[in-house]
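Subject: Structure handover, aromatic rings

Hello,

Please find the structure below. My notes on its aromatic rings follow.

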Amino acid sequence: MILLVDIGNSRLKWTQAEAGVLKPTMFMDYRQADFPERLREFWLSIPAPKQVAMASVSENALTVLLGDMARGLWPGVELIMPQSSQTAFNVKNAYTEPEKLGVDRWLALQAAHRYYPGDTCVVDCGTAITIDFIESGGRHLGGLISPGLLLMKKSLANNTAALPFSEDQAETSLAVVTAAAINNGTLLAAAGLVEAALVRQPKAYQLVLSGGDGEMLARHLAVPSIVDGDLVFKGLLNYCQNDKAL
């Protein structure tokens, strides 16, 4: 068994892989005070993995904590922590400083190139919305970053005197109450960003969405899309199943 861990900007996500098949994803908010104890208890209940692969865009202290926890629970386990690089798995990083590309975006690009061949736009809809374009030959063209839906709504609530914060489901219709107007407006802002990025390209790209808000955003886009919430995990699994990132 392989344990795959995605340490995001606010949540920890993990899954187990058996013979290349991913099990359902588990989630935990690592900002809660009892997070280490709860995670340790859960990990103690699963079969001992042969490998633990981690992707982290969070602070280094949390990454070190989880690495130490894995080694303590399963002595001798192989710990794999991919880093963004100039090339890997036939994907060429467009960043002038390749190591500065978020490792989650890097892994998602590699997974998209393998599982969705062709010219592809990869959009992660999480705490931030990231958009990356990759050509069929594996050349990454670069990307865009915007606040995610929750961040957009919190920004309005935190920086205005009378605008409320709500996590209610959003639609694309015109609203007649302020909370719904914010929800719907931020959803359309996200959808408009993705659609504008696509239409400004010189050729057509297939659209692959991931992240916690991926399914909701897909329902409100004016363009067809594929939703795959496991892109980062699939990218991590590549590193576990291959001795070298070719």
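Rings of Phe, Tyr and Trp (its six-membered ring) pair if their centres lie within 6.5 Å; planes under 30 degrees apart count as stacked, over 60 as edge-to-face and the rest as tilted. By that rule, ring pairs link W14, F42, W43 and W74 into a cluster.

Some background: this is a predicted model, in which local features need pLDDT of at least 70 and side-chain atom pairs count only at pLDDT 80 or more, while totals for chains, interfaces and linings use all residues. Residues are numbered from 1 along each chain as its sequence is written, and side-chain values use heavy atoms, with hydrogens and water left out.

The structure holds six aromatic pairs. One of them is W14 with F42, edge-to-face at 5.3 Å centre to centre and 70° between the planes. W14 belongs to strand β2 (residues 11-18) and F42 to helix α1 (residues 35-44), so this pair ties together parts that are 28 residues apart in sequence. Helices (H or I, at least four residues) and strands (E, at least two) are DSSP runs, numbered from the N terminus.

W14 is buried, at 2% relative accessible area, whereas F42 is partly exposed, at 28%. Buried means under 20% relative accessible area, exposed over 50%, and partly exposed in between (1.4 Å probe, protein chains only).

Y30 and F35 also form an edge-to-face pair, because their ring centres are 6.3 Å apart and their planes at 65°. Y30 is buried at 15%, and F35 is buried at 1%.

Regards
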